Amino acid sequence: MGWPTPRRIATLSVHTSPLEQPGTGDAGGMNVYIVEVSKRLAGLGVEVEIFTRATSSELPPVVEMVPGVTVRHVSAGPFEGLSKEELPSQLCAFTSGVLRAEAAHPPGHYDLIHSHYWMSGQVGWLARERWGVPHVHTAHTLAKVKNRFIAAGDRPEPKARVIGEEQVIAESDRLVANTRFEAQDLVSCYDAEPGRLAVVQPGVDLDRFRPGGDRRADRRRLGLPEHGRLVAFVGRIQPLKGPDVLIRALAAEPLRHADVTVVICGGPSGSGLDRPTSLIELAASLGVSDKVRFLPPQTGDALAALYRAADLVAVPSHNESFGLVAVEAQACGTPVVAAAVGGLVTAVTNGVSGVLVDGHDPGDWARVLGGLLDDPERCRVLSAGAVRHAAGFSWDRTAEGLLRVYREAASDHRALIASRLAGSYSW
């Protein structure tokens, strides 16, 4: 008999809704991941119900994202003014909302739980015990790893999160890592059992993010300089993502006197909310304000246009579990310069689809960026390599990989139940 395919999955995303705009607040690559995977699972015949915290009294309790995918807004704490650091105090209320939703249906409504981020994992741990179904968890980021590579001026992750992650990792039926490097971190930092680990790489929307278009027209559409070289940063503005590295690089040779503009596309997030104007002040203090443009978070075709408008996309993060921006940019044919950390080593093939930089020294970044901008032929070669590399990532493949994990978790769970039943009747 083959492994059972789940009919309906409860997806838990406590701290950020898949309906929110990525690039600001707590919304980022995880939001994109949940949206894209859920749509494709629905296309494979698996219903997905996503539970997230309600952040406005005007939100309807249930929203249909697409046929087969619904988002349930759970009331837990005040609608506004609650930071991610304060959310653990509302996990009891959130868990109650999740359990009540299931209790309104006949037993066995959900076949499996997939939690995203550690707070969701805490809820999934309890729901697993209550519902008697397998629990799959994806961490997306890990506190011990973030604290190891913490950026200057950033706040370390609290001990409560570390303990919470340790509990979730120990209790989950399956752990999904984005890359083999994240899998190694789960084993070395959290003593995860290798037999419960699966590596399923995130994907990219290859229909939306693709080469082509008119670079000057894309720049005009976005209000960017039509001439000169352009380096884009896309992501939440916080120390972890390292946008300050690019601004400091502008003040170093050979970029100081080059005709180059750095575009910072995103909104303040996390510890970046403490000083939302810090990058503007930094650019002014270094005398490079005229070389920096700021854009709000972009979506859909506008984001693809920004990737194509740039000569290079830079990802100077201090840590990334994967690096979705890097793959999206490469799918558009734009080479990526990224820090050689975490999942970015997988997302970018050094010397083929972009360049990996060791460390975050602005002088090193200036030399790498300047060298590429002065070598159009090398950029053309990297552009072709970027498209080929990105073609290996797709959300269809991610969904199929997750479905395999779900089937394995369900099969093991049934075997465990059968074993316990057999033991209860043994003499």
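This is a predicted model: local features need pLDDT of at least 70, side-chain atom pairs count only at pLDDT 80 or more; totals for chains, interfaces and linings use all residues.
1. Residues are numbered from 1 along each chain as its sequence is written, and side-chain values use heavy atoms, with hydrogens and water left out.

2. Start with the open sheet of eight strands, which has mixed pairing and the order β3-β4-β2-β1-β5-β6-β7-β8. Strands here are DSSP runs of E with at least two residues, helices are runs of H or I with at least four, and both are numbered from the N terminus. Two strands pair if DSSP finds at least two bridges between them. At the edges stand β3 (62-66) and β8 (197-199), each with a single partner strand, so one side of each has no neighbour in the sheet. Neighbouring strands are turned by 25 degrees against each other on average, direction ignored.

3. Now look at β2 (residues 47-53) in that sheet. Six of its seven residues are buried, where buried means under 20% relative accessible area, exposed over 50% and partly exposed in between (1.4 Å probe, protein chains only). β1 (residues 8-12) runs parallel to β2, joined to it by five bridges; Ala 10 stands opposite Glu 49, and Leu 12 stands opposite Phe 51. β2 also pairs in the parallel sense with β4 (residues 69-74), over six bridges, and there Arg 53 has Val 74 as its bridge partner.

4. What packs on this sheet? Helix α6 (residues 180-190) does, touching β7 (174-177) and β8, and its direction makes about 160 degrees with that of β8. Contact means heavy atoms within 4.5 Å. Angles run from 0 to 180 degrees between N-to-C directions, with axes being lines fitted to C-alpha atoms, for helices over the stretch in contact.

5. Ile 34 is worth a click: you'll find it in helix α1 (residues 29-43). At 2% relative accessibility, Ile 34 counts as buried. Leaving aside neighbours within four places in sequence, Ile 34 is in contact with Thr 11, Ser 13, Pro 18, Ile 50 and His 116.

6. On to the other sheet, an open one of six strands with parallel pairing and the order β11-β10-β9-β12-β13-β14. Its edge strands, β11 (292-295) and β14 (354-357), each pair on one side only. The twist averages 20 degrees from one strand to the next. Within this sheet, β12 (residues 312-315) and β13 (residues 336-339) pair in the parallel sense over three bridges, with Val 313 opposite Val 336. Helix α13 (residues 362-373) packs on the sheet and touches β9 (229-234), β10 (260-265), β12, β13 and β14; its direction makes about 165 degrees with that of β13.

7. Last, a helix pair: α7 (residues 215-222) and α10 (residues 300-309) pack at an angle of about 125 degrees, with their axes 9 Å apart. That makes α7 oblique to α10; under 35 degrees counts as roughly parallel, over 145 as roughly antiparallel, 65 to 115 as roughly perpendicular and the rest as oblique. The contact is made by Arg 215, Asp 218, Arg 219, Arg 221 and Leu 222 of α7 and Asp 301, Ala 302, Ala 305, Leu 306, Arg 308 and Ala 309 of α10.
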